[in-house]
Number of protein chains: 2
Amino acid sequence: VRFTAEVTSDGVHERQFEHDVAGRGVPGVLWTPTGAAGPRPLLLIGHGASGSKREGYVVSLARRVVRHRGFAAAAIDGPVHGDRRADKGAVAGLPFLEFSQLWAGEKSMTDAMVGDWRSTLDALQGLDEIGAGPAGYWGLSMGTILGLPFVAAEPRITAAVLGLMGLTGPTRARIGADAARITCAVLFLVQHHDELFSYDRALELFEAIGSEDKSLHVNPGRHGAVPVEEFEFSERFVSRHLGG
Amino acid sequence: VRFTAEVTSDGVHERQFEHDVAGRGVPGVLWTPTGAAGPRPLLLIGHGASGSKREGYVVSLARRVVRHRGFAAAAIDGPVHGDRRADKGAVAGLPFLEFSQLWAGEKSMTDAMVGDWRSTLDALQGLDEIGAGPAGYWGLSMGTILGLPFVAAEPRITAAVLGLMGLTGPTRARIGADAARITCAVLFLVQHHDELFSYDRALELFEAIGSEDKSLHVNPGRHGAVPVEEFEFSERFVSRHLGG
């Protein structure tokens, strides 16, 4: 990884990076405790459609695990999102539309994102302040569409928070097959009145996950209304499974 | 209520009581912070079949909310359980069998238990150290079979943790009707591999609950394997809804 900017506040050292994967630049952010040295658990965070690596809940969760648990955390922009766009200040809704079109015509978007995450994990674990410690993944909605296949492919991920997604959509068959291959501890989050992915399809995806240790949390409200308690619980969940 | 014994340890004042309801004695335990004065939230805890008001998880949850939140907590023995039995040291399994038979021949067991809880709530809220503050209910399995109708009947209950139970059994119709009448905040706990109440019937009961603010937590394992995180979460849930 090539660090391009950094800032420190309230005990958190935040570094923006660019990482080259097969000729494409993957933009990311790494959060570590100030003055961190030696190995520590790493939480990878995948944002939802329309968001970016600097989305509020991404930054908030990253800072939680850094400040409260001494972890490292990292996020990268998803396809057609954030700094992967030529028009970095994209028209609101444009990334979501473009992502939906890419998803509908799915050929290689998922494979590319799995590759980006794996290569980013390799690179970050090469840093002295992270090392080959345990790693977890947190990503909802598009963060599950593209992150669930990554979790299925990556044995270094020992705990994952997934959800806001059902056994539906253009990559339904692949998502179902990948879900069955997952063996790590999983917390799956569902919004009872999700207008994008129905409750029943979400329960199907939870069922499809192969892990013995999997839990489901259903909360009231629409797609975007995940309550703050789930971010608190996510912190405790990854801490319990990754140590620290 | 008539207090019959008391003990104090680690900041918790525990008093055993007997409360007369329509000529029958209801045996209970009340936990309050040492030296408590003035009103505070009250958590009522219903134990499962084969258990009692002094079951480990009942005492543990009660002490949690007293020590960490300054709440009061109370438990009463269910029908044919604990000090309601002539043979107080009952043969293991006997209360469960007798409860099952009573449930199968259900005429008034549920109504009697609802009456016992309501009268106990009246009496406890008459104490200076509790008063007419907010009240919650926590009870799984038999604690839901008999406690869900109480929660439905009692507007003073503003938050309830229920679960380990499905839309099934001899009182299925009543449970379904009562569930639809519930309006308070509900956390519903399900064990994915519950051998007593199937996952599908449990999801049906969650659906039947009328509350807008209801959440579901599913964890792996059998009926008795509720993980400790749910007791920690229960504490936060009742604290959030009852204040403190």
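First, the ground rules. This is a predicted model, where local features need pLDDT of at least 70 and side-chain atom pairs count only at pLDDT 80 or more, while totals for chains, interfaces and linings use all residues. Residues are numbered from 1 along each chain as its sequence is written, chains are lettered from A and ligands numbered from 1 in the order in which they are written, and side-chain values use heavy atoms, with hydrogens and water left out.

Now the contact. Chain A puts in 19 residues, and chain B puts in 19 residues. Contact here means heavy atoms within 4.5 Å. About 1600 Å² is buried between the chains, and carbon and sulfur atoms give 51% of that. Buried area is the accessible area (1.4 Å probe) that two parts lose on being put together, summed over both.

Next, salt bridges: a side-chain nitrogen of Lys or Arg within 4 Å of a carboxyl oxygen of Asp or Glu. There are 2 between chain A and chain B. A:Arg240 and B:Glu229 form a salt bridge, at 3.0 Å from N to O.

Which elements of chain A give two or more residues to the side that touches chain B? They are α7 (199-208), β9 (214-219) and α8 (228-242). Helices (H or I, at least four residues) and strands (E, at least two) are DSSP runs, numbered from the N terminus. β9(A) gives the most, with 6 residues.

Finally, β9(A) pairs with β9 (residues 214-219) of chain B, antiparallel, over 3 bridges. Pairing takes at least two DSSP bridges between the strands. A:Val218 has B:Leu216 in β9(B) as its bridge partner.
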